[in-house]
Amino acid sequence: MPPIISVSGLSKTYGSGFKALDDISLEIQRGEIFALLGPNGAGKTTLISIICGITNPTAGTVTVGGHDIFKSWRATRSMIGLVPQELHTDAFETVWATVSFSRGLFGKPKNPAHIEKVLKDLSLWDKKDARIVTLSGGMKRRVMIAKALSHEPQVLFLDEPTAGVDVELRKGMWEVVRTLQAAGVTIILTTHYIEEAEEMADRIGVINKGQIILVEDKAALMRKLGRKRLKLHLQHRIDALPPDLAAYKLELSDGGCELTYNYDTKGERTGITSLLSDLRSAGIRFSDLDTVNSSLEDIFVSLVRAP
């Protein structure tokens, strides 16, 4: 099956000379949840803005559902729902009115049943007659998502969708996203909450300094780049590590009562056996130990810090 979004050779240089995107090529598969991660200023929002037809690129092509976004702008834009970072809503309109109006902007006929379902799915039904100016920041964020879903898009871009939303509401939104995916909607997510990508995504893309540095299936990425930590809880506090243990690159924490050793599970040798032997020789005893898999956040940090 052909990808629903295809980006080829995409670049964007602003008038100031700043290159926001540098020769990006990317394919998004139909029905997947794709998480795009990157530090501030990496180019995430610029990439989304170009795909959605908001910003013009300097070079490159983009197709959505097989349609060129520049030659068939109206057709491609009607396939896309966008939840931007910024909260742009009609402050004095009601929730129902602003979501219904958004549907009309795309030439869709009135469908009160669909609007009702969207509002209920986003826990906004009891606020349908409330003016947006009276809502909390988290509720305004949900209204933005409702507006993006009003015209039944095939592709949904969520640019930091849970910024300013409390943990409970964030998890509720995750459930909405899963429901949308089950209905066949393709979702592209950018987020600063790494646990959000780890929880939701099928594939992960990492962008840094305007370039895609990695695209990988989430599970494969964590197997390939994931490491394990061995945590040793010491019987007695130590002030510093003996020089003889420097090669292990141990981390001393918890006031000198805990040692952490990072190792590669796919390496020929983990080094644990020799570490434990050298600890004994150094007179360092531990009362307990446990292992922890590295998280997606650990992997992300290691990627963007790489030279």
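Which strands and helices each supply at least two residues of the lining of the largest cavity? They are strand S7 (155-159), helix H6 (167-182), strand S8 (186-190) and helix H7 (194-200).

## Basis of the model

This is a predicted model, in which local features need pLDDT of at least 70 and side-chain atom pairs count only at pLDDT 80 or more, while totals for chains, interfaces and linings use all residues. Residues are numbered from 1 along each chain as its sequence is written, and side-chain values use heavy atoms, with hydrogens and water left out.

Helices (H or I, at least four residues) and strands (E, at least two) are DSSP runs numbered from the N terminus. A cavity is a set of points, on a 1 Å grid over the protein atoms alone, where a 1.4 Å probe fits but cannot get out; lining residues have an atom within 4 Å of a point. Volume is the space filled by probe spheres set on the points, which are joined across faces, edges and corners.

## Largest cavity

Two cavities of 30 Å³ or more are present. The largest has a volume of about 120 Å³. Its lining comprises 15 residues, of which Leu 158, Pro 161, Met 173, Trp 174 and Val 177 are the closest to the centre. H6 gives the most to this lining, with five residues.

By class, the lining of the largest cavity has 13 nonpolar, one polar and one charged residues (Ala, Val, Leu, Ile, Met, Phe, Trp, Tyr, Cys and Pro count as nonpolar; Asp, Glu, Lys and Arg as charged; the others, Gly among them, as polar).

## Second largest cavity

The second largest cavity has a volume of about 50 Å³. Strand S2 (19-28), strand S3 (33-37) and helix H1 (44-51) each supply at least two of its lining residues, and the largest share, three residues, comes from H1. The lining includes Phe 157 and Ile 188, and its classes are ten nonpolar, no polar and no charged residues.

Methods. On a 1 Å grid over the protein atoms alone, a cavity is a set of points where a 1.4 Å probe fits but cannot get out, and a pocket is an open set with protein on both sides within 12 Å along at least five of seven lines; lining residues have an atom within 4 Å of a point.
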